Amino acid sequence: MAKGMREIKREIKGKQSTRQITKAMEMVAASKLRRAQEAAVASRPYADKLLEVVNNIAAGTKGVRHPMLESRPIKKTGYLVITSDRGLAGGYNANLLRKVTQTIKEKHKSSEEYVIFVIGRKGRDYFRRRQMPILEEVIGLSDSPSFGDVKSIAATAVNKFSEGAYDELYICYNEFVNALTQIPTETRLLPLENVTDGNTPVSSYEYEPSAEGVLEILLPKYAETLIYSAVLDGKASEFGARMTAMGSATKNATKMINQLTLTYNRARQAAITQEITEIVAGANAQS
């Protein structure tokens, strides 16, 4: 019985150490979530203003043509997948990667029909293990990524579409709703469909050197800005998922500690009762 009690006590100490770690990780994730959420919200006005200017130019220019605006027969598809570098975030990575894999299986018959850009070590390792074609990868992003951190992969993804390497580009990420809800999302980024919708009021602007020249610069920048916004949204989702997962782990650890403590107390009471019974029996035998 004494050995059993030592084992239970060791388990209790182990669970208490785990609870301390998960509680600390929950608090850190909550702090980072606030900053990531503020960054995601702050990036949206810039993207909205870019879209306004692009729409204005496109609406005020007759016969505007640009590779990023033109739909063409789909022969090959690009996917830009945003995951995290670390785990312990519940289903944050697994749900998104499952969705992307299912989409690829449904739409493509071979690996020649698609290519993958991936941000995050978890996604990189997942696709590598399955020998899926990764064109470019970015790992080791900071908790507060700057546009420069994803500029290279964003520019490559946009330029490859303009060059005709593939005929559409999807961005796959976890859309942040709140700390408890992150929605795996697949959005067709290219060709741009929300430009030249015909409903945009035209303002009187003068462009140098020309409206078409300005559009040539702004369209890639707009697409890259959407990618960066998705990265910020993904970071907020990651911290929200990690905070929720660590909160659940802390609650589970507390529940296990309570159960083990109850078991330990029962074992201790049984041992004391056993000793008292033996003492009484010994005293009765001597009398």
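Mentor: Gladly! Helix α5 (residues 211-286) supplies four residues, the largest share, to the lining of the largest cavity. Helices here are DSSP runs of H or I with at least four residues, strands are runs of E with at least two, and both are numbered from the N terminus. This is a predicted model, where local features need pLDDT of at least 70, side-chain atom pairs count only at pLDDT 80 or more, and totals for chains, interfaces and linings use all residues. Residues are numbered from 1 along each chain as its sequence is written, and side-chain values use heavy atoms, with hydrogens and water left out.

Trainee: How is a cavity found, and how many of 30 Å³ or more does the structure hold?

Mentor: Rolling a probe the size of a water molecule over the atoms shows where empty space is left. A cavity is a set of points, on a 1 Å grid over the protein atoms alone, where a 1.4 Å probe fits but cannot get out; lining residues have an atom within 4 Å of a point. The structure holds one cavity of 30 Å³ or more. The volume of the largest cavity is about 40 Å³, counted as the space filled by probe spheres set on the points, with grid points joined across faces, edges and corners.

Trainee: Which residues line the largest cavity?

Mentor: Its lining is made of I82, T83, Y92, I119, L141, V231, G234, K235 and E238. By type, five are nonpolar, two polar and two charged.

Trainee: And how many helices and strands are in the protein?

Mentor: The protein has five helices and five strands, running α-β-α-β-α-β-α-β-β-α from the N terminus. Along its principal axes, the C-alpha trace spans about 115 × 40 × 30 Å.

Terms used:
On a 1 Å grid over the protein atoms alone, a cavity is a set of points where a 1.4 Å probe fits but cannot get out, and a pocket is an open set with protein on both sides within 12 Å along at least five of seven lines; lining residues have an atom within 4 Å of a point. Ala, Val, Leu, Ile, Met, Phe, Trp, Tyr, Cys and Pro count as nonpolar, Asp, Glu, Lys and Arg as charged, and the others, Gly among them, as polar.
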